[in-house]
Amino acid sequence: PRHRARGNRRRPYPRRGGAMKRAAGFTLLEVLVALVVFGLLMAGLSQGARVGLRAWSVQARQSAQWSDLDAVDRTLRGLIARMDPGGQRRNPLLRGGPHAFAFTTELPQAAAAMGTTRADVALGVDADHRLVLRWRPADHVVRFAPAPPPRVAVLLDGVAALDLQYWRPPAGVQAGAWLHAWSGRRLPALVRLHIAFADPARRWPDIVAAPARDRP
């Protein structure tokens, strides 16, 4: 009976702690796969961030350029609209050429701190491909000494050329026409400025402004 009892004694179940510990870990292959996947994700995120930053930089640069062009557009329209039309005893002080022109105009009221807003201005493109506005206060008297050097304001960079045209309205049998130069006893009806940039992708519509020809 004792032997039978010993024979019928159940063997204890094997401990599963070691197997559970082995199941909770990672094999070397699994770690390598996880690292590869993590590296691919990081590479994708990095590439996406670079593309996003590049797109943001291009958009910011374009916005700045458009803002600069819009400011130049408003400035030139205002100066042309306030051109001095001359009077009964003198011709308007306008010397218009195909690529540059000079005239007398009224500066914005912000320039009143100089003592006068009346100024002689000249617009053209310099040797460094910059659209430059040169101006000095207009004289009301005859000078016996050399005039002071003009002040220079750079309006735009990267300008290849400035093309100017002046609209002559029809008079009698003479038809209206765009001219490449202007001189006479009256101001042109319109002035058209075409700014050509060195970068062909950079464009801006022509600026067409009307001088106040009957302003006293």
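Contacts between residues 24 or more positions apart make up 51% of the contacts in the protein chain with a separation of 6 or more, where contact means heavy atoms within 4.5 Å. The model is predicted, so local features need pLDDT of at least 70 and side-chain atom pairs count only at pLDDT 80 or more, while totals for chains, interfaces and linings use all residues. Residues are numbered from 1 along each chain as its sequence is written, and side-chain values use heavy atoms, with hydrogens and water left out.

The protein chain holds 3 helices and 9 strands. Helices (H or I, at least four residues) and strands (E, at least two) are DSSP runs, numbered from the N terminus. Read from the N terminus, the order of elements is α-α-α-β-β-β-β-β-β-β-β-β.

Of the 216 residues of the protein chain, 25% are buried; buried means under 20% relative accessible area, exposed over 50%, and partly exposed in between (1.4 Å probe, protein chains only). The accessible surface comes to about 15,500 Å², and carbon and sulfur atoms account for 60% of this surface. Areas come from the Shrake-Rupley method with a 1.4 Å probe; for residues, only the protein chains shown count as cover.

The largest nonpolar core has 31 residues, of which Met83, Phe101, Leu123, Leu131, Leu156, Leu193 and Ile195 touch the most other members. Such a core is a set of buried Ala, Val, Leu, Ile, Met, Phe, Trp, Tyr and Cys residues joined through side-chain atoms within 4.5 Å. At least two residues of this core come from each of α3 (28-81), β2 (101-106), β3 (118-125), β4 (130-137), β5 (151-157), β6, β8 (190-197) and β9. The largest share, 5 residues, is that of α3. Leaving aside residues up to four places away in sequence, Phe101 touches residues including Ile80, Met83, Leu123, Tyr166 and Leu193.

Asp84 lies in the loop between α3 and β1 (94-96). Asp84 counts as buried because its relative accessible area is 9%. Its side chain makes a polar contact with the side chain of Arg118 at 2.7 Å. A polar contact is a pair of N or O atoms within 3.5 Å; within protein, one must be able to donate a hydrogen and the other to accept it, and residues adjacent in sequence count only if both atoms are side-chain atoms.

An open sheet of 4 antiparallel strands runs in the order β7-β6-β8-β9. Its edge strands, β7 (177-179) and β9 (207-209), each pair on one side only. Strands pair if DSSP finds at least two bridges between them. β6 (residues 159-168) and β7 pair in the antiparallel sense over 3 bridges, and Trp167 has Trp178 in β7 as its bridge partner.
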